[in-house]
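Colleague: I have the sequence and the fold open side by side, and I'd like to go through a few spots with you. Could you take my questions as they come?

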Amino acid sequence: MTEMTIIQALNHTLHQEFAKDERLVTFGEDAGAFGGVFRVTSGLQEAFGEQRCFDTPLSEAGIVGFGIGMAQKGLKPICEIQFSDYIFPAYDQIVNELAKMRYRTGNQYSSPLVIRTPCGGGIHGGHYHSQSPEAQFLHTPGLHVVMVSSPYDAKGLLVTALQSQDPVLFFEPKRLYRSLKQEVPEESYSIPFGQAEIMQGGSSVTLIGWSAQVHQNLAAAEGMDVEVINLRTLNPLDLKTIIESVKKTGRVVIAHEAPITAGFGAELAALIQEHCFYFLEAPIKRCCGLDTPFPHTLEGDYLPDAPRVKKALLEVMRAV
Amino acid sequence: LNAVTLYPNDLVKRVHEDQTLVHALKTMIKTRIVDERMIILQRQGIITFAMSSLGEEACAVGSAAALDLGDWMYPQYREAGILFWRGFSIEDYVHHMFGDAKDLILGRQMPNHFGSRALNVVTVSSPIGSKIPHAAGCAYAMLMQKDPHVAICYFGEGATSEGDFHVGLNFAAVRKAPCIFFCRNNGYAISTPVERQFASDGIAPKGEGYGMKSFRVDGNDFFAVYDAVLTAKEYALQGNGPVLIEAMTYRMGAHSTSDDPTRYRKEAEVERWKDKCPILRLRQVLEQKNLWNAQIEEEWKTEINLEIDEAILKAQNTPKPNRESLIEGVYFEVPEKLKAQLDEAAL
C-alpha cells in the first residue's frame, strides 16, 4: 500500500498496465512529452516510446476518431480529452460512431477504447473548465460511463475500463486530483462496473451521488442517520443497491453538480418511483447545479456543496 | 495547380494480366447490373431504398484491384465494387439490401450500408466524413503492429467540407500513417454542385496543404485509378505517410432512390459523360486483347442476372432478423436492463 493522489494512482496504473499489455496506447493534447496538463500520462513516453504515448494535433474529434480506427484494428487506445468541457467537438464521433460501432456493423467491428477526461467544478475554471457532461452520454446506448471519486476507485475502475470490450467514458474529478490522498494497493485490482459503494450506512434518508460530489455528500451527512451511496458507474447502474436502500429509508436526496434539468438525477428519480413508489415517505429531492452556464466568480453559489445538501436532507426528513 | 502533383495517365501500366482485366470488367458490369436491379426493386416497393455507383465503377474496382485483402477499406455507399472485387456474393449483398435475418448487419442500417469483416471492408456509416479519422487511426495501428498494409478511405467531394476530413488528413499526415484518402469528385453532393461546395481548385490541393502527396486522376480510367492507388500504397509503405487521391468522375445516376436529379441539373450535362463511361473505356482495351466481345458480355449479363434472380428469391423467403436481435450487440454482453425493456415492449 502506498499513499497516492488520484493523479498518482492513475499514472501508476497506466505504467503498470502499459508494461503488461502492448496493445495499450495513449494520446491527447499535450499528453506525450509533457505528460498531460494534469500529468496523468507523465513518464509513459520515456518508458514505452513515442508511438505508444504521443501528443496529438489540437482536435478532440480527431483524438476520438483516430482512436476508433486504432481500436478496430486491435489496439487499446486511451484517449485523453484535456477537459470534459472540450469533449463536444468529439460528440458526433462518440455518439454516432463510437457508441454504435458494434451494433451498426452487426457485431463485425467494435471500438472498445477508453476516453479519460477531467470533469467538475470547484477550481475557479469558469464554464469551459468546470462542466459535468455525463448525462449527455447516458442518453446514448453503447457507452459505459464511469465517475471516479477517489484514488482507490481511480485505479480499480481504470483497470476494469482497460479490460472492457465496450467503449468507456472515464470522468475524473479534477478538483480532487491532488487534494485527496488515500492508501492504494501496489498490485493490480479491479472494481467491477455497476457496483456502487455505500460510503456511510443509515436508515432515515438515502443520499445518492457520484464523482467529487460524494465528498460534499459525506460532509453533509456527518453525524446523521443517512445512507450515502457513491454510484461509481452510471452505466451500468447499480439499481439494486439504490432500491434496497430506498426501501429501507423511504426518503431520497440525489445530488449532482450538473444542471438539474434532465440531469441524471431526473432518471434516478423516475427509476426510484417506478421501483419504490409504495415505500416513499417524502418527495424525492434533487440538490443540483442551477440551470445556468457554469459560473466563474459565483461557483460557490452554483454548486450543491455540503451545506446545501444538508439543507436538502433536513427538508426531506421534515416532510410527512 | 502548381503545388499539386498531377498523376500521369500514361504511366507504365502494371495491370496487364488477362485474368485481372477480365475480373475487373466483369466486376464493374456486375456492380452496374446489381445497382440497376436494386433500384427496380425499390420502385416496386420490395426494398426500402437503394443507391448506385452508376458511372463511377472504375473508382471502386480500379482501387480495389491495386490492393490486397490485408488492406483495410473504409467505403462510402458508392463502393459496392470493392466488395464484389473481393468476392462478396450477390446473395449476401441482396440479403443486406433486404435487411433480413441473413443480412450481415441484421437490418440495423439502411440498404447500401454494407461491410464485411472477412473481407476487411468496414461497414458503411451514413455520415459522410466521420470514418475519415477512423481510417487514419487504423493505418496508424498498422504502422505500430508492423503490419505491411494500408487503410484506404473513400468519400465524395462533398465530404471534404466536413471537419472530419481535415482532422483525419491532419492526424494521418502528422503520424505518418499509411493511409490512402480516395476522394471521388463526382460533381454533386446530392444537389449541390462543386462550385457551391468549395472555392479551391478541387480537392487535391487540400492534401498538399496538409503536407501529403496528392494525386489527381481520371476516375473513369480504370488504369489511372489502379496506378494511382498502387503507387500510393508503395509510397505510404515506404514510411512517407498518407496520400490523397482525387478521382475526377461523374455521378450518372441520382444520389439515391429518394432523389430526382432532373430538378437540379441538365440532361445535356449527363449526356456529355456517357461517352466517358468507365465500362466502355475498359471494354475497348479488353476488345483489343480479344478478351471481350458482345457475346461474352451477354453471357456475363445472363449469369449475373440469374444470380440476382436467385438471390432475390432467397431474400424474399428469408424472415426478418429475430426480435431478440434488437438488443444484441449494443454492448459486448446484453444487459439485464435491455432484456427487461424488450419484454415490456412485447404486447
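**Loops, a strand and a buried serine**

Modeller: Let me begin in chain A, where A:Arg232 sits in the loop between strand S11 (226-230) and strand S12; please keep in mind that this is a predicted model.

Colleague: What is phi of A:Arg232?

Modeller: Phi of A:Arg232 is near 65°, which is a positive value in a residue other than glycine.

Colleague: And is A:Arg232 buried or exposed?

Modeller: A:Arg232 has a relative accessibility of 9%, and because the cut-off for buried is under 20%, A:Arg232 counts as buried.

Colleague: Which residues does the cis peptide bond in chain A join?

Modeller: That bond joins A:Asn235 and A:Pro236, with omega at about 5°, and A:Pro236 belongs to the loop between strand S12 (233-235) and helix H9 (239-249) of chain A.

Colleague: Switching to chain B, where is B:Asn120, and what is its phi?

Modeller: B:Asn120 lies in the loop between helix H4 (90-98) and helix H5 (132-144) of chain B, and its phi, near 55°, is positive although the residue is not glycine. B:Asn120 counts as buried, at 15% relative accessibility.

Colleague: Now strand S4 of chain B: why is it described as largely enclosed?

Modeller: Seven of the seven residues of S4(B), residues 179-185, are buried, so the strand is largely enclosed by the rest of the structure. B:Cys179, B:Phe181, B:Cys183 and B:Asn185 point one way from S4(B), while B:Ile180, B:Phe182 and B:Arg184 point the other way, and all of them are buried.

Colleague: Which strands does S4(B) pair with?

Modeller: Strand S3 of chain B (residues 151-156) runs parallel to S4(B) and is joined to it by six bridges, with B:Ile180 as the bridge partner of B:Ile152. S4(B) also pairs in the parallel sense with strand S8 of chain B (residues 243-248), again over six bridges, and there B:Cys183 has B:Glu246 as its bridge partner.

Colleague: What do S3(B), helix H6 and S4(B) make together?

Modeller: With helix H6 of chain B (residues 163-174), the strands S3(B) and S4(B) make a right-handed β-α-β unit.

Colleague: Last one: where is B:Ser52, and what does it touch?

Modeller: B:Ser52 is in the loop between helix H1 (18-43) and helix H2 (57-65) of chain B, and it is buried, with a relative accessible area of 7%. Leaving aside residues up to four places away in sequence, B:Ser52 touches B:Asp35, B:Ile39 and B:Arg78. A polar atom of the B:Ser52 side chain also lies 3.2 Å from the backbone nitrogen of B:Leu54.

Terms used: Residues are numbered from 1 along each chain as its sequence is written. Chains are lettered from A and ligands numbered from 1 in the order in which they are written. This is a predicted model: local features need pLDDT of at least 70, side-chain atom pairs count only at pLDDT 80 or more; totals for chains, interfaces and linings use all residues. Side-chain values use heavy atoms; hydrogens and water are left out. Buried means under 20% relative accessible area, exposed over 50%, partly exposed in between (1.4 Å probe, protein chains only). Helices (H or I, at least four residues) and strands (E, at least two) are DSSP runs, numbered from the N terminus. Two strands pair if DSSP finds at least two bridges between them. A crossover is right-handed if, with the strands pointing away from the viewer, the path from the first strand over the helix to the second runs clockwise. A polar contact is a pair of N or O atoms within 3.5 Å; within protein, one must be able to donate a hydrogen and the other to accept it, and residues adjacent in sequence count only if both atoms are side-chain atoms. Contact means heavy atoms within 4.5 Å.
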